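This report covers backbone features, helix packing and ligand surroundings, in that order.

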Amino acid sequence: MEYTSVKGMFDILPEELHKEDQWKESGCWQYLESVLRDTAHDYGFKEIRTPILEKTELFSRGVGEGSDIVSKEMYTFLDRGNRSITLRPEGTAAVARSFVQHRLYTQPAPHKYYYIGSMFRYERPQAGRYREHRQFGVEVLGISQPELDAEVINLACEIYRRLSLRELNIQINSVGDLKSRSDYQEALSQYLRPYFSELSLDSQNRLAKNTLRILDSKDLKDQEILQNAPLLSQFLTQESKNHFATLLQRLDQLKLHYTINPKLVRGLDYYSNTVFEITSTDLGSQSSLGGGGRYDGLIAMLGGPNIPGIGFATGLERVLQTMHKQKVPFPPSPHPLIFLVPMGKQAIDYAFVLASELRREKISCDLDLSGKKIQHGLQIANLLKAAYCLIIGEEELSSNQAKLKVMATREVIDISLNALPSVLKKLLTRSTV
Ligand code: HAM
């Protein structure tokens, strides 16, 4: 039997042989994660890590029974104690659970958290859609002012800017507060009911449970029917209208360009007022690079006080794929400064200890312990892209002198073995590796 990874999941390897998969290399992820962390810290966010598994009720209540994520896509199983457990499909409900559980609201607001981690959704795998994907997300709890919505959208844009991504589109909408939504839901289902038999099967199913999601339908007939449907914006309460207007003003102040998309509702039930999505045409049909919104009722729904929230998450695979498509260069991955090639048993004994001493001095170093010929060692040094290579044989040991080879120029520097650590330290400060 041949063992392969689970469908829709993939390994992150140091090197990928296929050019189109190069965005999957671990060096790309390390770079992306460092930009995400730095940007989050610059915006005053602190890291939160929650377990990958949660009790199933958290998502069915938090994300909503009517959402696709809960109704079709969760990895849910019974553990050995017969408890229903779910691999987290998203981060917001888990952060909200942790916030309530640890009474973090007793500390002064705003509470600003960020996370990076795997999410699991049992979707039909295709380009840009995986069953395990990684998200970077932020959540701000405790402040209902629209300025916070603008800050979160600005943070998202700043991340993409730092990563040199181009031609992104911010789509934004308000789904209103609870009253706006229930008034609109009623009006929309009244409008759609006469068209029931013409709607797609998905939309027919959504009509009773999750009417607003019909607006997201990609079905052409659904879209045609929706053309004359009432708009959510006509049902917003004055408070929701004011919130949205101030948010747009703040975005203008920050010179962020956005498109108001009155049909944007997003697939998670906890949203209220602001929703937004950042898309890239370079992603094909899975065009959403990141998205988020306000969820003012979620903390109370999970048993906490009535505390508002706003957040955003972006899929790391999609960010890396867009960078790859747009030919954004990644910084080179680290290479050893020096590669030691010992010849013979005595030299191996010597190099074995020398390598450990160099590493203690924080000089990155690797060595050939295979006992094979010199050509083998040189080949590995080339493969690892070491900046320098040192061949140590019996002669070098007895004379305490060796030749340090500069791999890029093939220049050779005579060096005393005792002085090696200090010479390498000097080279390291000058070197660009
Ligand atoms: P979401 O839109 O469901 O929002 O997911 C956020 C991002 O994760 C998407 O924009 C996309 O980049 C990525 N993503 C989602 N599903 C997949 C998949 N199957 N394969 C690859 N990438 C995927 C949320 O999860 C919310 N929790 C965001 C949020 C935070 N709202 C408020 N706070």
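Lys362 is found in the loop between α12 (345-360) and β13 (365-367); helices (H or I, at least four residues) and strands (E, at least two) are DSSP runs, numbered from the N terminus. Although Lys362 is not a glycine, its phi is positive, about 65°. The model is predicted, with local features needing pLDDT of at least 70 and side-chain atom pairs counting only at pLDDT 80 or more, while totals for chains, interfaces and linings use all residues. Residues are numbered from 1 along each chain as its sequence is written, and side-chain values use heavy atoms, with hydrogens and water left out.

The peptide bond that joins Ala109 and Pro110 is cis, with omega about 0°.

Two packed helices are described by the angle between their axes and the distance between the axes. Axes here are lines fitted to C-alpha atoms, for helices over the stretch in contact, and angles run from 0 to 180 degrees between N-to-C directions. The table lists two helix pairs.

| Helix pair | Axes come within | Crossing angle |
|---|---|---|
| α5 (residues 146-162) and α9 (residues 238-253) | 8 Å | roughly 45° |
| α1 (residues 26-42) and α11 (residues 316-325) | 11 Å | roughly 110° |

The axes of α1 and α11 cross at roughly 110°, which makes α1 roughly perpendicular to α11 (angles under 35 degrees count as roughly parallel, over 145 as roughly antiparallel, 65 to 115 as roughly perpendicular and the rest as oblique). In α1, Cys28, Trp29, Tyr31, Leu32, Glu33 and Leu36 meet Leu316, Glu317, Val319, Leu320 and Met323 of α11, where contact means heavy atoms within 4.5 Å. By class, this contact of α1 with α11 has nine nonpolar, no polar and two charged residues. Ala, Val, Leu, Ile, Met, Phe, Trp, Tyr, Cys and Pro count as nonpolar, Asp, Glu, Lys and Arg as charged, and the others, Gly among them, as polar.

Pro146, Glu147, Asp149, Ala150 and Ile153 in α5 meet His243, Thr246, Leu247, Arg250 and Leu251 in α9. The residues of the contact of α5 with α9 divide into five nonpolar, two polar and three charged.

The ligand is surrounded by 26 residues, and the closest are Glu90, Thr92, Glu123, Glu139 and Tyr271; a residue counts as near if one of its heavy atoms lies within 4 Å. A polar side-chain atom of Glu90 is 2.6 Å from a nitrogen atom of the ligand.

Terms used. Polar contact = N/O pair within 3.5 Å; in protein donor to acceptor, adjacent residues only side chain to side chain.
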